[in-house]
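Q: Please pick one part of this structure and take a close look at it. I would like to follow it step by step.

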Amino acid sequence: MSLHSTLLAVTERIRARSQTKRQAYLERMKRARQKGVERNRIACTNVAHAYAAMPTNDKLVLKAATVPNIGIVTAYNDMLSAHQPYEQYPAVIKAEARAAGATAQVAGGVPAMCDGVTQGQSGMELSLFSRDVIAMSTAVALAHRVFDANLFLGVCDKIVPGLLIGALRFGHLPAIFVPAGPMASGVSNAEKAKVRQLFAEGKVGREALLESEMASYHSAGTCTFYGTANSNQMLMEIMGLQLPGSAFVSPGTELREALTRAATRQAVRLAQDKSSPSLCDVVDERAVVNGIVGLLATGGSTNHTIHLIAIARAAGIEINWDDFNDLSAVVPLLARVYPNGKADVNHFHAAGGMGFLIRELLDAGLLHEDVQTVLGLGLRRWAEEPWLDNGQLAFRPASEKSLDTAVLAPAGEPFSSDGGLRLVTGNLGRGVIKVSAVAPENRVVRAPAIVFDDQEDLIAAFKRGELERDFIAVVRFQGPRANGMPELHQLTPSLAVLQERGFKVALVTDGRMSGASGKVPAAIHISPECVMGGPLAKVRDGDMLVLDAVEGRLEAEVPAAEWNSRELATADLSRNQFGCGRELFTGLRQLADTAERGGATFQFDD
C-alpha cells in the first residue's frame, strides 16, 4: 500500500522545517555515541561511587567493563494506581539482566503526581510544570553516564512525556519504555459520568458519589478511560518505543511480567550491538507523524497537542497545530473508547487492540512502516500481539477482524472519516477542539459569552441556577504563565447537565481540559494566553461568540472598530491557589529551561 499523499506532504514539510535543528541534534548525538561507554574513561573514584552498593558479583562483572549496565529511571510511587505495580519492577529487571549477562541499576526516580487526585485542587496548578521537572529529573539520573541502555518506567499524564523529553537529551543510548497496564474494569465510565452529573445537580449526595468513584478507580493499574495516561501508552507503542502489544496488558499477570523481562533482554541486546538503533534514531520525523496519526485514529488526549510538540522539539523536530489539523482531515477514527464511546481500554484491547489498529493504519497507507524501533527496522512487528505459549512469551498476528465493531473499526468502515481534532482560529486567537465525542448538532455554537476568571466561579454560578440558558463560557487567565494551566475537567459535569437540558453551551479557555474531555464542545489551549495579551481577554459578558468546529472558526461578533479599541482585562494573580502568584510559575519555567528539554510548555504553536 502506497502512503497517503497528505501523510507524505506533512512529513516532508516537518522535515524541511526542522532541518537545521534536527541536524544539530543528530550531530550532538553522533559525538556522544563516538565517545563510547563513558564509564571506561571516568576516574576510578567516580566508578567506585557508582557501583559501591551493588552486589559483589555485579561489581566483578562490571570491573571487566565489557558487559552492558542498564539504567532504570522509575516514576514509582504507590499513590498513583498506575505506578504502584512498578514497586517490583527493578528487582525483576535486575534479575533478568543478570541472566542475560549484564547488570542493571535504578539510575533515579522522578516525581509523579496524580491528576486524578489534584483535579480541581491547588496541586493541579503544578501538574503541567511537573512534566518539565520530570524531564530534568530524568536528565539528572542519566547524567551519571555509566549506562549503556535505559529502561523507563512511567505511565501517566505528564510523566511519560517528561521521561521521553529527558531521555532524548541522552538519545545516543538505546531506550525502551516499560508499561504497567490498566486496572480491571469496574463501574462503567458512562455510569460514573451519570452519577457525577447527578451530584452536580444535587440529586445524590457525596456518599453515593464516593461509592461510584471508588467502584471505578478500585485497584492497581491505569484508570481505564482513554485519557492522557492511556494515550501515552498508545503513543509509545505506535512510535516503536515499547514492545508490541504491551500497552494494555493488566498488571499482576504472567504475561505482564514476561513482557517486562523481554524488554530487559532487548535492552541488553541493543546495548551489545553497536549497530542497533538508539533513541535518537527511533524518534524521527516519521515516528512523530505516526504518533499524531495514532492519537487521531483513537480519539486520544488533547494534552498531546502540547506534549508531542515538546517531545518533538527535544529531538530537534518542529511540529505545530497545522500538522495535527491537516492529518486529522484524512485519518479515520477507528476506536470508540470512553469518552468517545462507552467501552474502556480493556474492551479495546480485547477487541483487537493496538495490533489490529496498527495493521489497519499500515495497510491504509496512514503510517510510516520503514521506521526504526526498539526491535530494529520496521513497524510491521507492531501488528502482532503477545501471548504465552506453554509459559513462554511469543508473538502472533493480531486478529484479522475486530472482535467488537462497536469499539474497534476497520479502516474501510471507520466511525468517522476524520480524526475529530480541529484547529479553530479567529479574532479570539488559535486553539484546538476535540469533536470525536461531540454530537454533530453540538459542533457549532453561537451564543452570548459569560466570562469567568476562575473555574470555581462557573461552578458556583451553576449551583445558583444562573446558567439556565444558551451561552459560551469563557474561562480566562488559565494559561501556563497565569497559573500553570490546570486542567478544567471538573467543569464537565455542570456543562453536560446544561447541554442535556437542551441548552446550547460550550467552553472557550486558554487553559486545558482533561484527556477525558468529552461531549461538551470545548475550544482549549487558546493562544496567546490572556495574561500575555491574548485577545480572549477582550471578551465581555454578553458578547456574541461563535465556536464553529466544522469550519474551524472562533470569533467574537463585535464590530471591528470596537474590538480593536477595547482594553484587555487584567488578571488577579493573587487568586492562584498556591497564593504566590506569577513568581512561582516564572521560577519553575526558568528551572525547567535549564533541563535542555528541547520544547517549551509555553510555545504550543508557531
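**A close look at helix α10**

A: Start with a crossing: α10 passes α13 in a right-handed way (the near helix is turned clockwise from the far one by less than a right angle). This is a predicted model, in which local features need pLDDT of at least 70, side-chain atom pairs count only at pLDDT 80 or more, and totals for chains, interfaces and linings use all residues. Residues are numbered from 1 along each chain as its sequence is written, and side-chain values use heavy atoms, without hydrogens and water.

Now place the two helices (DSSP runs of H or I, at least four residues, numbered from the N terminus). Helix α10 covers residues 228-238, and helix α13 covers residues 285-298. Their axes come within 9 Å and cross at roughly 135° (lines fitted to C-alpha atoms over the stretch in contact, with angles from 0 to 180 degrees between N-to-C directions).

Which residues of α10 make the contact with α13? They are M234, L235 and I238. From α13 come N290, G291, G294, L295 and T298. Contact here means heavy atoms within 4.5 Å. Sorted by class, the residues of this contact are four nonpolar, four polar and no charged (Ala, Val, Leu, Ile, Met, Phe, Trp, Tyr, Cys and Pro are nonpolar; Asp, Glu, Lys and Arg are charged; the others, Gly among them, are polar).

Next, a second partner. Helix α17 spans residues 353-363. It packs with α10 at an angle of about 55°, and the two axes lie 11 Å apart. So α10 and α17 are oblique to each other. The crossing of α10 past α17 is right-handed. Here M234, E237 and I238 in α10 meet M354, I358 and L361 in α17. This contact has five nonpolar residues, no polar ones and one charged.

Finally, step back. The protein chain holds 22 helices and 16 strands. Its C-alpha trace spans about 75 × 50 × 50 Å along its principal axes. The chain averages a pLDDT of 89 (the predictor's confidence in each residue, from 0 to 100). In all, 92% of the residues score at least 70. Over residues 587-606, pLDDT stays under 50. Where pLDDT is low, predicted coordinates should not be read in detail.

Definitions and conventions: Angles under 35 degrees count as roughly parallel, over 145 as roughly antiparallel, 65 to 115 as roughly perpendicular and the rest as oblique.
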